[in-house]
Amino acid sequence: MTDSALDAGGDQAAQVAGPHQASGSSASAPGAMPGALAVQAVDMTKRFPGVVANDHVSFEAAEGEVHALLGENGAGKTTLCNLLMGLYRPDEGKLSISGRAVRFHSPKDAQDAGIFMVHQHLRLVDSMTVAENVVLGWSKPRRLRFSPRKVEKAVAEAAERFQMPVDPKARIWQLSLGERQRVEILKALYRGAKILILDEPTTVLTPQEAEQLFSSVRDMAADGRTVIFISHKLPEVLAVADRVTILRQGRSITTVPTAGTDAEHLAGLMVGREVSLEATAKGSEEPGPVVLELAGVSARGDLGTEALKTVTFDVRAGEILGIAGVAGNGQRELAEVITGLRGTTAGEIRIGGTRLPMGDPRAAIDLGIAYVPEDRMGTGISPNLSIAENLMLKSYRGKTMRSGPVLSNRKANANAREMIKRFDVRAPGPRTLVRQLSGGNIQKVLLARELSSEPRVVVAASPTRGLDVGATQYVRQVLVETAQHGVAVLMVSEDLDEIFELSDRIAVFYNGKVVGIVPAAGANRQQIGLMMAGAA
Amino acid sequence: MTGPLHIERRLDTPKWLKVAVPFASILLAAIIVAILLAATGHNPFSTYHQMYSASVTADGALTSTFVYATPMLFTGLCAAFAFRMRTWNIGGEGQLYMGAVGASAVGLVLGDWPRPLLIIAMVIGGALAGMLWACIPALLRAYLRTNEILTSLMLNYVAGFFMYYLIYDSSSYWRDLTTPGASVFPTGKTLVANASWPGITIGTFTLPMGFILGVGLAVGLLVLIRSTRYGFEMRVMGDSPQAANYSGIRTKRKILSVMAISGGVAGIAGSSQIGDFGHVLDPRGLQQAQYGYTGIVVAALALYNPLAVVLVSLLIGGLTSAGFALEGPSFPTGLVGTMEGIILFTVLGGEILARYRIGLRHRAVTPASAGANFGTEVAP
C-alpha cells in the first residue's frame, strides 16, 4: 500500500490531521507571521476563451511561511502558479514580491525575482548527472569552460548546506522519484530561490518520502524562505502548511490558519457545500446472475514473464468486486486481459456465457465491456482531439454519429453537450481539446463515454487516483449507481479504504494469483493486508 | 541576463494567423532571396521578373510549370496523407518508380484496348504497383514493428535498381530490343499512341489530365480525412496509438491501408509520368527528377493539407520550371534549390513561431536592490 495516510480521502483524514498538525505547524501561531510579506497577489484575473480560470484571486504569504493553495482540480491552482511564474500574464490584478510590484514576462523574470517552481512532472534530463542538471541552463555567472568536477563540488556543498542529501555524480535515471524531486528542489535553492512553489509534490512519493519532503519544507521555511504548497490532499496540507488559501472555481474563497481548522471544514470550503467524509452507499443488496467469468486465466506481462497465473473468479450483475493488492501484482494485466488489450496464454473469459475472443479490444467492446483505464491520458483519451471526438471514440462505428456515410459534427456536438451536462464536465464547450481539461474533468469525460454505452461489465482501474475530494466522491457515486443498475463492476484499486468503501466482495491479488476472495462486510483489514503482502 | 525579446506560448493560435503565417513566410523567403541575389550582384527585381515570365507568362511556360507540378502533386499527397497519421512513408520515390513500371506494363500489354479503358487501366495499374510496393514497409511496420522511415527509404533504391535492371541489364518485356540503335543505347518500348493521356488545351497552354486527376484525389482525400469514420480513426491513431487500440480500432490494418493508399497515390504519379509525358519507361529521367523526395517537401510546406498540396505543387513546379528555363551564367543551377530551402525554412519556422506571442521587452530602470535583477517593468 502506498499513501495510506496521506491519500485517504476518507474519514481517516480527520484522525491524521491531529498529530501531524501538532508536530508540523507548531512553529507559527495565526496572526504571528514571521518576517515580511514575500508574495502578495491582489485580484489576479486570467481569462481563457470561454472560462475565467482565475477570477480576482488574492492571497499573501510571508517570509518563512508555508502557504498552501488548496482546491479541486480545475479550481485555478495551476493557472495561479503560471501567473506567479510568468508563464501567463494576468489580465487584471497586481503581484508584489517582497513589497515591490512586478510584472513578469517570462519564467526567467520570475526566477530573477527568486521565484522557482517544482513541477508535478519533474523536468530533469535523465541521462545527465545530478550536478549537470542543477546547473543546466543557469548562466549566472556566464562561463565558457564547463568543469564537471568544479560543478560537482559546488553542488555537493549546496546539497550539504541545504540538507538535501544527493550524490552529485549520480545520473538522474538511477534515482528514485523522491530523490529526483529533491534534485529539483536543490536546483531551485542553488539558484537562489526565495519563494518556492511545489505543485502537488506528493503525487509521486511514497509515504516515507513524503514525510522527508515535509521536514525539508519546514526547514526551508525556518530558513526564511517562503514555500507555496499546492495540493488537494487535506491531511498533508494540515500537516505542513501554516496557512491555507482555498480556491474554488477560479476564486480565492478565504485564507485560514491551519491551527484552528480540520479536514471536514477545509473540504467544505473547497467543495462549496457540506461534505461528509463518510462512506458512500454500497451496491444493490441482491446480486443478479454471473456476468463476468474468468476460468483459469493466465497471461504474460510486458517483459514476457507470467503476470497472471490461473486466475479464476466471477462477478455478478449489480455487484462491485474490488481487486486489492500492491501495485504490480498482475492487476493491470488482469484489466487488460478482460478488455481484450492483452492476449491470454491459458484459460477462458466469458461474458454472460459468451466466450471472449483473445486479445481483441473491439470484440470486448461489442460484448459490453467498458474500461476506465488507470492511464487516462495515455490510453483512455486522445488528448489532442476534442471532447466531442473523445466521447465518440467507441460509438463512431455505429449509426448514431453519422448522417449517411459521413460523420456528423452536429450529432457529435449534440451528444457531447448532453454528456457534459449529465456528467457535470466543466469545459467551455464540445470542441475544447481534452488536453486542456483538468484531471477530474478528463476522468468525467472518460466515464461519460464508458458508462453511457450501456455496458454489462465495467472494469475500473484506480478510478480516483489523482482526483480531488469532490471528483473522487463523484466517481465513486457514479460507480455505485452503475452497479445498482445491474452492471457487473470490477474495480482495481491500491487504496484499501476505497476497496472497503465500495466493494461487495474483495479479491486479493498477490504475485499474479488470487490469494482469496472475501465478502467486504465483516472483512478484516489486518487479514487483507497480510494477504496483500503474500503472508497469508 | 534577459534578452531584448520576450516569448510567450499562445494557448491557441487564432485562425486568421494560421492562414496568414504561411503567406507571410513565403514573402519573407522572397525578401531573403532578394538580399542574396543583390549580394551576388544580381538585380533581384529583374531576376524575379524573369522567373515569373519563365514560369507563367512566356510561351509554353505555364504548361511547363504544370508538367513539373503534376508529379509533385501526387507525391505531395502521398506524403501528406500518410504523415497525417504519423506514418512516415518516405517511399514515395520508389512507389512512383513502381507505378511507372506497372502503368507502362499495362499500356504495353493492353495496347489494343479502346483508349478510355486503356487509360483507366494504366491509372489502376500504376496505383496497384505503388500500393504493393508500399505494403512491404507497411507489413514490416504493422507486424514486426520495424521503422517505416528506414524501410520505405531503402526500398526506393531497390525500386530504382529494379527499373535499371528492366531497361539496361535484361531482356525484359519493357525493353525495346527491336531497333538496332536500342542495343547500343538501351531504352524502353514506346507505348502506343492510344496510351497517351489527353490534356485540355487552351491556346498554347495544356493542362495535363494527371493534374486534374490529382486535384480530384486531393479533394477526395480531404473528405476522407475530415468527415469519414476512416479519417476519424486516422486522427485517433495519429494522436495516440494506445487510445486507438483501446477504442477497438484495428491498428495494424489501419497502418496497412493508409500506407497502401499513400503508395497508390505515388503510383499514380508514375502512371502520369508514363501516360501524360514520357510514354516510355525511362529509369534515368525518373531518378534524376526525384519527384518522390520533392513530394515530402511539398507536403511539409502544405502542412499536410491535401488542398494546400495543390497550391504548393504549383509553386514548387513553377520554381523548378523557371530554374531549368533560365539556367545559365546569370542564373546558377543552385539558386532554385536555395530558394526552395529558404521557403521551407521560413514556412516551417513561421508555423512554429505562430504558436508563440513574441514582442519586444520593455526595460525600465529599477533601483538596484541586493543584487536582485528584476529585468522587468516595474509599476509605479
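**A loop and the helix after it**

Author: Let's start with Ser176(A), which sits in the loop between α5 and α6 of chain A. Helices here are DSSP runs of H or I with at least four residues, strands are E runs of at least two, and both are numbered from the N terminus. This is a predicted model, where local features need pLDDT of at least 70 and side-chain atom pairs pLDDT 80 or more, while totals for chains, interfaces and linings use all residues. Residues count from 1 along each chain as its sequence is written, with chains lettered from A and ligands numbered from 1 in the order written.

Is Ser176(A) buried or exposed? Ser176(A) is exposed, with 12 other C-beta atoms within 10 Å (the cut-offs on that count, with C-beta atoms placed from the backbone, are 20 or more for buried, 12 or fewer for exposed, and partly exposed in between). Look across to Glu209(A) as well: 33 residues separate it from Ser176(A) along the chain, yet their C-alpha atoms are 9.9 Å apart.

Gln163(A) belongs to the loop between α5 (148-161) and α6 (177-190) of chain A too. Its phi is positive, at about 55°, even though Gln163(A) isn't a glycine. That's worth a glance, because most residues other than glycine have a negative phi. Gln163(A) is exposed, having 11 other C-beta atoms within 10 Å.

Now step into α6(A). It has 14 residues and reaches 20 Å from first C-alpha to last, close to the 20 Å expected at 1.5 Å a residue (the expected span is 1.5 Å times one less than the number of residues). Of those 14 residues, 10 are buried, so α6(A) is largely enclosed by the rest of the structure. After α6(A) comes Gly192(A), with a positive phi near 85°.

Just after α14(A), Asp424(A) takes a positive phi of about 55°.

Hop over to chain B for one more loop. Arg86(B) lies between α3 (61-84) and α4 (92-109) of chain B. Arg86(B) isn't a glycine either, but has a positive phi of about 55°. It counts as exposed, with 11 C-beta neighbours inside 10 Å.

Finally, zoom out to chain A as a whole. It holds 18 helices and 22 strands, and 50% of its 536 residues count as buried. Of its contacts with a separation of 6 or more, 71% come from residues 24 or more positions apart (a contact being two C-beta atoms, placed from the backbone, within 7 Å).
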